[in-house]
Amino acid sequence: SLWQQAGRAGRTGRPSLTLVLAQDSPLELYFASHPAALLARPIEAAAANPLNAELLQLHLLAAAQEQPLRLPPPPGDAETEPELCTWGEWKEPATAAIKARELKMVGSRHNPRLECSELGAAAVRRISLREICREKVRVVDVTEGAMAVELETMEAAAAQLRLYSGAVFLHCGASYLVSDCDLDA
């Protein structure tokens, strides 16, 4: 939150300065123009789903980059692969990361571990504190007769809500009428 980040700068009791850099979303531009409206607001409670599979997958990648994650060995002497079954809500995101080759199994059958791959390390470097969704959509101005110009990128989940056909999209003070939203392009 804004206040939490600002508080970190002044922890030692010494004077500090907090700068707020607004991006070109309408909400951030509003608060940049009306700072009193931002500073007078009560602190909001953060709302996050701690079981969000995409968020858990990013946490797994970051943790596995720090050090390999230990898995429980298979029961008995059976010739089976280590399982994620005891991981509960972590099983689905771990399986997705393995399929995406961001995590890999290393170690022996009796000491299995998950390690971050090069693909996983690259994904960790792209983790954003502002966004969860790794799927991005390019917002492009395709005004007739003009060359296509990329205006910005945004999360695919946000694009579904903001870029439907017929929507008005605001960017840097200009209004654009959305003619098409192709999330697969």
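1. In this predicted model, Leu61, Ala62 and Gln65 of helix α4 are in contact with Gly120, Ala121, Ala123 and Val124 of helix α6. Sorted by class, the residues that form this contact are five nonpolar and two polar, with no charged residue taking part.

2. As to the geometry of that pair, α4 (residues 53-66) and α6 (residues 118-125) pack with their axes 9 Å apart and at an angle of about 115°, which makes α4 roughly perpendicular to α6. The crossing in which α4 passes α6 is left-handed.

3. The side chain of Glu102 is joined to the side chain of Gln57 by a polar contact of 3.0 Å.

4. Arg101 is placed in the loop between α5 and β2, but Arg101 is exposed, with a relative accessible area of 59%. Its phi is positive, at about 60°, although Arg101 is not a glycine. Most residues other than glycine have a negative phi, so a reader may wish to look at the backbone here.

5. A positive phi is also found at Cys172, a residue other than glycine, where the value is near 50°. Cys172 sits in the loop between β6 (168-171) and β7 (174-177), and this residue counts as exposed because its relative accessible area, 56%, is over the 50% cut-off.

Terms used. Residues numbered from 1 in each chain as written. Predicted model: local features only at pLDDT ≥ 70, side-chain atom pairs only at ≥ 80, totals over all residues. Heavy atoms only, no water. Polar contact = N/O pair within 3.5 Å; in protein donor to acceptor, adjacent residues only side chain to side chain. Axes fitted to C-alpha atoms, helices over the stretch in contact; angles between N-to-C directions. Helix = DSSP H or I, 4+ residues; strand = E, 2+ residues; numbered from the N terminus. Parallel < 35°, antiparallel > 145°, perpendicular 65-115°, else oblique. Left-handed = near helix turned anticlockwise from the far one by under 90°. Contact = heavy atoms within 4.5 Å. Nonpolar A, V, L, I, M, F, W, Y, C, P; charged D, E, K, R; others polar. Buried < 20%, exposed > 50% of the residue type's maximum accessible area, 1.4 Å probe, protein only.
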